[in-house]
Each structure stands twice: as C-alpha cells, then as structure tokens.
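Let's read a two-chain model together, one feature at a time. Please open the sequence and the structure side by side.

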Amino acid sequence: MRDSSDSELVVQVLTRGDETAFRTLYRRHTPRLYRLQLRFAGGRVADAEDLVQETWLRAVRRLGTFRSDGQLGAWLRGVAVNVAREWMRRTNPDAARRDDTDITGVVDLSHAVRFAIDVERAIARLPTGQRAVLVLHDIEGFTHEEIALQLEIAAGTSKSQLSAARQTLRGILRPQRTDEEYA
Amino acid sequence: MMNDDRHRLDTGRADTGDFARLPRELSPDPALEERVVRSLLDEQLLRPATRRRRLIALPVAAAAGIALFVSGLLAGYGLSRWDSPAEIPAPATSEADPDAEVRMVFWL
C-alpha cells in the first residue's frame, strides 16, 4: 500500500472508500499541507489543524474531479488555498492573539534554523492578505496570475501585496538580525 | 507553475538566505490523522478498515449465533411438547402382579 502511486490510492478511496489507502495518502501529503496552512494561519496550530482537516474533507468529497494524470500534491494545495482563503474571509485572523504561535518545535538552533524561525515569526506577523500572497509567491512558487485566480483578486493586487509584504518583512527582520547575533 | 522570481531577503547580510531555505513540510500532531479519518468515516466518505470491520463483525456474529441456538432450543422444546402423547400408560409394576413387567417386555 505504501508503495502504491497516488493515482492508485485515489482510485481505492474513490471506489471502495478504503481507509488504509486514505491513511497512506494522508501521511504522504499532510506535512506539506500542514506547513502551508500553518503559514496561512499565522502560526496558530489549532487553526492550522482545522484548516488541514477541512482541506482533506473537501478534497475527498471532490476526489472524483481529480485527474489521474495530474499531480495530487499540487491539486491538494489548490484545495488548501481555497480553504484558507475562505477562512481568512470568514474570520478576522489579524485581530486574533498570537500568543499561541508555535512555529519552532525545534531544539537545534543553528543559523539556518534561527533564520527560519525569525522569518516564520515575521511572516506570521504580516497582515493576512500580504501573508497569503507572500507564502504563495515566494515560498510555494505560484505566479501572480495563478495567485490572482486562487485568491480571487487582481494580478496587480497580488503584486502590490507582495511588494508591501516584503517591505514589512524587511522592517521586522532588520532590527533582529544584527551582526553580533549572527557572528 | 513555479515563478522565476524567488525573492532574496534583503536584510543587509549575505548569509540570511532566501525563502527557498524555509522548510516546506512539518508533521502535525498524530492525533490530527485520527480526527480527519473519524470525520470522513462519519460522513461515510470512507469505510472502516478491515481490522475495524472484523472487530465490529465479531460481536454481531456471536449474538447471531446465540440467537440461533436459543431459537433452535425453543423450537425443539415446542416440537417435543407437540409430538408427545398426552398420556403414556405407566408400566404396571404393582406388587399384585409381579409378571406385569415381564409381559410388558414381551409386548414391546
């Protein structure tokens, strides 16, 4: 089962509702979905878990629309972005407290890890719109046109949000990243 | 899909790297898997795995077996009452006729 392709597992879930096949798909794709949703949720674990659960529920309901020649991971990330977009509209994540932000989960604080933690924290502090565009463009690698489609905004808005996000990030990161700290 | 404009963070230092260095995966709490599977089972989008089905099937089969046994027992009891003659003469073993038992055996 673990060696089966995504397409084979999808067929088993679709035709038989195979729990074991689903669990294999879940374990294969959830780490990427979870990291993505954690970034959308500004580092709030409980929200990210809810978003992942909703992503899988929606994905399985719509599994029949997945084309077997496509990449399941990319398709799932598309579902995840839709779920996150709706969540961002429905709630007001910027107003939520960020005390429960749990981005680290690491013990080894090497330079690379510290850099990652700093950036993750900075991303979590961005306004929701800027954060979504920055995550999709700079981390996930989507184009502005693709982001415009996914977030239902204009491509120009995506570009301006990205520019603003980068500027905000620089403002957040510069004071933290002194020569003494990383010497 | 991939854009060719990966941003490098200009934070004034060369070793700060860029977004490509950020991890793309993180394993959530294992309990989330059970939560997701349970919600899919509740919506009947998944069927329980074989092991779980067997666990459910075992008590059901045991109950059915017991029910079958009890109904068989009751049916047998009912039939035996239906078929048995109302009165079977008791063998005559009175002291007044000591040969009665012997005659009964011959008669049989």
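Q: How do I decide what counts as buried or exposed here?
A: A residue is buried if 20 or more other C-beta atoms lie within 10 Å of its own, exposed if 12 or fewer, and partly exposed in between, with C-beta atoms placed from the backbone. B:L32 has 20 C-beta neighbours inside 10 Å, so B:L32 counts as buried.

Q: Before we go on, what kind of model is this, and how are residues and chains labelled?
A: This is a predicted model, in which local features need pLDDT of at least 70 and side-chain atom pairs count only at pLDDT 80 or more, while totals for chains, interfaces and linings use all residues. Residues are numbered from 1 along each chain as its sequence is written, and chains are lettered from A and ligands numbered from 1 in the order in which they are written.

Q: Where does B:L32 sit, and which residues is B:L32 in contact with?
A: Helices (H or I, at least four residues) and strands (E, at least two) are DSSP runs, numbered from the N terminus. Two residues are in contact if their C-beta atoms, placed from the backbone, lie within 7 Å. B:L32 lies in helix 1 (residues 31–42) of chain B. Setting aside neighbours within four places in sequence, B:L32 touches A:E49, A:V52 and A:Q53.

Q: Which helices does each chain contain, and how many residues are buried?
A: Chain A has 9 helices and 0 strands, following the pattern α-α-α-α-α-α-α-α-α. Chain B has 3 helices and 0 strands, and its elements run α-α-α from the N terminus on. In chain A, 40% of the 183 residues count as buried; in chain B, buried residues make up 7% of the 108 residues. For chain A, residues 24 or more positions apart account for 59% of the contacts with a separation of 6 or more.

Q: How should I read the confidence of chain B?
A: pLDDT is the predictor's confidence in each residue, from 0 to 100. Where pLDDT is low, the predicted coordinates should not be read in detail. Chain B averages a pLDDT of 73, with 53% of the residues scoring at least 70. Within chain B, confidence is highest in helix 1, at 97, and lowest in helix 3 (residues 100–107), at a mean of 56. Over residues 11–17 of chain B the pLDDT is below 50, and this stretch has 13 contacts in the model beyond near neighbours in sequence. The model as a whole scores ipTM 0.83 and pTM 0.70.

Q: At what angle do helix 2 of chain A and helix 1 of chain B pack?
A: Two packed helices are described by the angle between their axes and the distance between the axes. Axes are lines fitted to C-alpha atoms, for helices over the stretch in contact, and angles run from 0 to 180 degrees between N-to-C directions. Helix 2 (residues 19–40) of chain A and helix 1 of chain B pack at about 140°, with their axes 11 Å apart. That makes helix 2 of chain A oblique to helix 1 of chain B; angles under 35 degrees count as roughly parallel, over 145 as roughly antiparallel, 65 to 115 as roughly perpendicular and the rest as oblique.

Q: Is their crossing left-handed or right-handed, and which residues meet?
A: A crossing is left-handed if the near helix is turned anticlockwise from the far one by less than a right angle, and right-handed if clockwise. The crossing of helix 2 of chain A and helix 1 of chain B is right-handed. From helix 2 of chain A, A:E19, A:F22, A:R23 and A:Y26 meet B:E33, B:V36, B:V37 and B:L40 in helix 1 of chain B. The residues of this contact divide into 5 nonpolar, no polar and 3 charged; Ala, Val, Leu, Ile, Met, Phe, Trp, Tyr, Cys and Pro count as nonpolar, Asp, Glu, Lys and Arg as charged, and the others, Gly among them, as polar.

Q: Is A:E19 buried or exposed?
A: A:E19 counts as buried because 21 C-beta neighbours lie inside 10 Å. Leaving aside neighbours within four places in sequence, A:E19 is in contact with B:V37, B:L46, B:R47, B:P48 and B:A49.
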